[in-house]
Amino acid sequence: MYVVSYDITEDKRRNKIAKLLEGYGRRVQYSVFECRINEKKMKVLYAALADLTRDMQEGSVYIYPICASCEKKRMIIGEENRETAELQQPVIVI
């Protein structure tokens, strides 16, 4: 899993980045996404983010890799994003 957060002042660029991230993960905060993707998809996402931020004067995008062991240890204070909580439920395929 990767956690991607951004602080972008330009509305148009920020909206493009959010739209891109929606295709890769779940929004858990306004400018924070959890992306459960493999390394290959992360490389594609990274390249797209780099392209969108190429001439950016202000702002940043942070990408944090989270190992499976660390993901299990995450702590939430308050209400968990419902979509994220549903991903944590076990799935049984018959």
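The charged end of R27 sits over the ring of Y30, at 5.3 Å from the ring's centre, where sitting over a ring requires NZ of Lys or CZ of Arg within 6 Å of the ring centre and within 35 degrees of the ring normal. This contact belongs to a predicted model, in which local features need pLDDT of at least 70 and side-chain atom pairs count only at pLDDT 80 or more, while totals for chains, interfaces and linings use all residues. Residues are numbered from 1 along each chain as its sequence is written, and side-chain values use heavy atoms, with hydrogens and water left out.

Consider next the overall plan of the chain. The protein chain has four helices and four strands, which are DSSP runs numbered from the N terminus (H or I with at least four residues for helices, E with at least two for strands). Read from the N terminus on, these elements follow the order β-α-β-β-α-β-α-α. Among contacts (heavy atoms within 4.5 Å) between residues at least 6 apart in sequence, 66% join residues at least 24 apart.

How much of the protein chain is buried? Of its 94 residues, 24% count as buried, and the chain exposes about 7,200 Å², of which carbon and sulfur atoms supply 52%; these areas come from the Shrake-Rupley method with a 1.4 Å probe, and for residues only the protein chains shown count as cover.

The interior can be approached through its nonpolar residues. In soluble globular proteins, nonpolar side chains tend to be buried together. A nonpolar core is a set of buried Ala, Val, Leu, Ile, Met, Phe, Trp, Tyr and Cys residues joined through side-chain atoms within 4.5 Å. The largest such core has 14 residues, of which Y6, I17, L21, C35, I37, L45 and L49 touch the most other members. To this core β1, α1 (11-22), β3 and α2 each supply at least two residues. If residues up to four places away in sequence are not counted, L49 touches V4, I17, L20, L21, V61 and I63.

Rings of Phe, Tyr and Trp (its six-membered ring) pair if their centres lie within 6.5 Å, and planes under 30 degrees apart count as stacked, over 60 as edge-to-face and the rest as tilted. By this rule the count comes to two aromatic pairs. One of them is formed by Y6 and F33, which are stacked with 6.4 Å from centre to centre and 25° between the planes. This pair links distant parts of the chain, since Y6 lies in strand β1 (residues 2-7) and F33 in strand β3 (residues 32-35), 27 residues apart. Y6 counts as buried at 7% relative accessibility, and F33 counts as buried at 0%. In the pair of Y62 and Y64, the ring centres are 6.1 Å apart and the planes meet at 15°, so this pair is stacked. Here Y62 is partly exposed, with a relative accessible area of 45%, and Y64 is partly exposed, with 42%.

Charged side chains complete the tour. The structure holds nine salt bridges, each being a side-chain nitrogen of Lys or Arg within 4 Å of a carboxyl oxygen of Asp or Glu. One of them joins D11 and R14, whose closest N and O atoms are 2.2 Å apart; because these two residues are three apart in helix α1, they are separated by about one helical turn. D11 counts as partly exposed at 48% relative accessibility, whereas R14 counts as buried at 16%. A salt bridge between D55 and R13 (3.1 Å, N to O) links distant parts of the chain, with D55 in the loop between α2 and β4 and R13 in helix α1, 42 residues apart. D55 is exposed, with a relative accessible area of 53%, while R13 is buried, with 11%.

A further salt bridge joins E34 and R36, the closest N and O atoms being 3.6 Å apart. E34 is buried, with a relative accessible area of 8%, whereas R36 counts as partly exposed at 33%. Salt bridges that share partners join E34, R36, E71 and R74 into one network.

Definitions and conventions. Buried < 20%, exposed > 50% of the residue type's maximum accessible area, 1.4 Å probe, protein only.
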